[in-house]
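Here is a short briefing for a first look. Keep the sequence and the 3D view open while reading.

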Amino acid sequence: MVSLPVREHYGQGMTQILIVEDNGEYADDMAEFLKELDHEVTIARTASEMWAALTRTPAAVVVLDLGLPDEDGFNVIPRMRQLYPEIGLLVLTGRVAFDHRILGLRLGADHYLTKPIKFPELAA
């Protein structure tokens, strides 16, 4: 069996991705995986850091955890849609209830994925 580099499995192309995740180790692991796919990755640990990062550097995709220390992600989604409608918004959270998934999508998330997740699924 031949092992192919990660890039050949998941495609190439640089995308500016902002990870908004308060679990530092999880965010770092996700960022490392995405950087191996040639994406530019920024990490914000709070909603405040996310808003500041978006002001400095526009992102093509935001990976948003809902359980942030300074603001609930469900409050972030509609504001993100209003201010940055062109950004792809992917919720990645431990909130697994069906009602939460529906709410996240109705508020404007493009995708709603639940933790734990294998990072190749995120890249797809």
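Is Arg-95 buried, partly exposed or exposed? Arg-95 has a relative accessible area of 23%, so it counts as partly exposed. Bear in mind that this is a predicted model. The points below start with the whole chain and then turn to single residues and pairs.

**Overall build**
- The chain has six helices and five strands.
- Read from the N terminus, these elements follow the order α-β-α-β-α-β-α-β-α-β-α.
- The chain holds 124 residues, and 41% of them count as buried.
- Its accessible surface is about 6,900 Å², with 53% of that belonging to carbon and sulfur atoms.
- Take the contacts between residues at least 6 apart in sequence: 60% of them join residues at least 24 apart.

**Salt bridges**
- Side chains of opposite charge can pair when their charged atoms come close.
- There are six salt bridges in the structure.
- One of them joins Asp-72 and Arg-95, with the closest N and O atoms 2.7 Å apart.
- This pair links distant parts of the chain, 23 residues apart. Asp-72 lies in the loop between S3 and H4, while Arg-95 lies in the loop between strand S4 (88–93) and helix H5 (98–107).
- Asp-72 has a relative accessible area of 26%, so Asp-72 is partly exposed.
- Arg-79 and Glu-71 also form a salt bridge, at 3.3 Å from N to O.
- Arg-79 is partly exposed because its relative accessibility is 33%. Glu-71 is buried because its relative accessible area is 18%, and the cut-off for buried is under 20%.

**The network around Asp-65**
- Salt bridges link Glu-21, Asp-65 and Lys-115 in a network.
- Within it, Asp-65 pairs with Lys-115, and their closest N and O atoms are 3.5 Å apart.
- Asp-65 and Lys-115 sit 50 residues apart and link distant parts of the chain. Asp-65 is in the loop between strand S3 (61–64) and helix H4 (73–83). Lys-115 is in the loop between S5 and helix H6 (119–123).
- Asp-65 is at 6% relative accessibility, so Asp-65 is buried. Lys-115 has a relative accessible area of 22%, so Lys-115 is partly exposed.

**Leu-113 and its contacts**
- Leu-113 belongs to strand S5 (residues 111–114).
- Between the C-alpha atoms of Leu-113 and Asp-65 there are 9.8 Å, although the two are 48 residues apart in sequence.
- Leaving aside residues up to four places away in sequence, Leu-113 touches Leu-90, Val-91, Leu-92, Thr-93, Glu-121 and Leu-122.

**Arg-45 and its contacts**
- Arg-45 is placed in the loop between strand S2 (40–44) and helix H3 (47–56).
- With a relative accessible area of 28%, Arg-45 is partly exposed.
- Which residues does Arg-45 touch, not counting those up to four places away in sequence? Among them are Glu-21, Asp-22, Asn-23 and Gly-24. Ala-27, Asp-28, Leu-68 and Pro-69 are touched too.
- Arg-45 and Gly-24 are 21 residues apart along the chain, and their C-alpha atoms are separated by 7.3 Å.

- Glu-25 is part of helix H2 (residues 24–36).
- Glu-25 counts as exposed because its relative accessibility is 61%.

Methods. Residues numbered from 1 in each chain as written. Predicted model: local features only at pLDDT ≥ 70, side-chain atom pairs only at ≥ 80, totals over all residues. Heavy atoms only, no water. Helix = DSSP H or I, 4+ residues; strand = E, 2+ residues; numbered from the N terminus. Buried < 20%, exposed > 50% of the residue type's maximum accessible area, 1.4 Å probe, protein only. Contact = heavy atoms within 4.5 Å. Areas by Shrake-Rupley, 256 points an atom, 1.4 Å probe, with all protein chains shown as cover. Salt bridge = Lys/Arg side-chain N within 4 Å of Asp/Glu carboxyl O.
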